[in-house]
Amino acid sequence: MIEQLKRELEATFKGVSVTSEADRRITVVVDPLQALAILRFFKDRGFSHLALLSAVDLIDKHAFELVYILTSYAEDTGEDAVPGELILVVKSMIPRDKPTFKSVISIYPNAEPYEREIHELFGIHFDGHPRLTPLFLERQYPIPPFRKDFDTRRYVEDVFGSIPAIGDEEG
Amino acid sequence: MDRNQIAKWFKEPSKMANKYSLHAIYFCTGCGIIEVPPVITARWDAERFGVIPVATPRQANLFLITGYVSVKTLKAIIRTYEQMYEPKYTVAFGSCPINGGMYWDSYNTIKHLDKYIPIDGWIAGCMPRPEAIFVAVTHLWTLIDKGMANGYERYRKYYRAYRRNQELALGKLEWPPLYPIGEHTEGGECD
């Protein structure tokens, strides 16, 4: 199954590297321009479930890596059905100084909260997302707090450390 | 009831009644939720000590904060605390409310809870055993006896400073001040 998928993928797209470091897991590293087409390709092949969308800040390489983890349900039976236990990891690097990517809501609708979360915590903008409004955070941060150059220790000292204790002064 | 305490009951009946009927509201933030169910159920039966869980803050006079406090949770904690009737006692459970614990450099966790609401007792540990709640409760009895569990009085006295700290952490608060704070009130609301 893995071999067949690999052959089909390499026949359809150019410059895609497919590796498989575990029995049931395939890692596909793709160019950001091709990413949407490849995700659609996999959805048509039976990977109907986006299990996770996350981002990694690779500050040394000046890039963000977006990681899409796709699986399929075992009851998806059909000609091109894949076994349910297969896990597909699609990775795509985008430049750190221009963090913009296309939204995949049109392919996987459940990516909506994931993209909002990544937009809030990493500052990556998703084109075509209907509402990139704040999701979790209450406060305003100087830069998005999950980026590697966000200095949490100094932020804590500046913000929480500067709040005075009660009882030092008269109320 | 101890026979030796009969004199105390006649002298200060309300204080004694408060002491032995601590109606607790548990604010289960984080991992303390694991310790609380065995405490209130048969294994460690908190009702032996007069501690029972209640449904709403309006019926409670013991506020247990069990675990780390994120900025968003702090808002709910302040609102819960302000809804409780006096006398009210607060016990912070675990090391996270004391100084942040393992979240001491987290961007989104409140470090010292006593800067925002008054705390009467601390239970150190990560996490403390359920027995520690009873140690805290018996210690709280002593504090109530001596009149040292006066967090709600401190809250009233230093309310302006507490409110200022709450605003520093949360920005503009959506609810009006619990007690008059003078200069910030506008439009003749102050009494």
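**Exercise 1.** In what order do the five strands of the open sheet of chain B lie, and is their pairing parallel or antiparallel?

Before the solution, some conventions are needed. This is a predicted model, in which local features need pLDDT of at least 70 and side-chain atom pairs count only at pLDDT 80 or more, while totals for chains, interfaces and linings use all residues. Residues are numbered from 1 along each chain as its sequence is written, and chains are lettered from A and ligands numbered from 1 in the order in which they are written.

*Solution.* Step one is to read the order, which is β2-β1-β3-β4-β5 in chain B, with parallel pairing; strands (E, at least two residues) and helices (H or I, at least four) are DSSP runs, numbered from the N terminus, and two strands pair if DSSP finds at least two bridges between them. Step two is to find the edges, β2 (52-53) and β5 (121-123) of chain B, each of which pairs on one side only.

**Exercise 2.** Check the length of helix α8 (residues 159-170) of chain B, and find what its buried residues pack against.

*Solution.* The expected span is 1.5 Å times one less than the number of residues, so the 12 residues of α8(B) should span 16 Å, which agrees with end C-alpha atoms 16 Å apart. Next, the buried residues of α8(B) are Ala161(B), Tyr162(B), Arg163(B), Asn165(B) and Ala169(B); a residue is buried if 20 or more other C-beta atoms lie within 10 Å of its own, exposed if 12 or fewer, and partly exposed in between. These buried residues of α8(B) pack against α4 (71-83) and α7 (151-157) of chain B. Finally, just after α8(B), Gly171(B) takes a positive phi of about 80°.

**Exercise 3.** Describe the largest nonpolar core and the contacts of Val91(B).

*Solution.* A nonpolar core is a set of buried Ala, Val, Leu, Ile, Met, Phe, Trp, Tyr and Cys residues joined through C-beta atoms within 7 Å. The largest has 46 residues, and Val91(B) is one of those with the most contacts inside it. Leaving out residues up to four places away in sequence, Val91(B) touches residues including Leu62(B), Leu64(B), Ala136(B) and Leu140(B). A second, separate core of 26 residues includes Ile26(A), Val28(A), Phe47(A) and Leu50(A).

**Exercise 4.** Is Val90(A) buried or exposed, and how many residues of strand β1 (residues 17-22) of chain A are buried?

*Solution.* Val90(A), found in strand β5 (residues 87-95) of chain A, counts as buried because it has 23 C-beta neighbours inside 10 Å. Beyond neighbours within four places in sequence, Val90(A) is in contact with residues including Val28(A), Ile38(A) and Leu70(A). Strand β1(A), by contrast, is hardly covered, for the count of buried residues among its six residues is zero. β1(A) pairs with strand β2 (residues 25-30) of chain A in the antiparallel sense over four bridges, Val18(A) having Val28(A) as its bridge partner, and the two strands form a hairpin with two residues between them.

Definitions and conventions
Contact = placed C-beta atoms within 7 Å.
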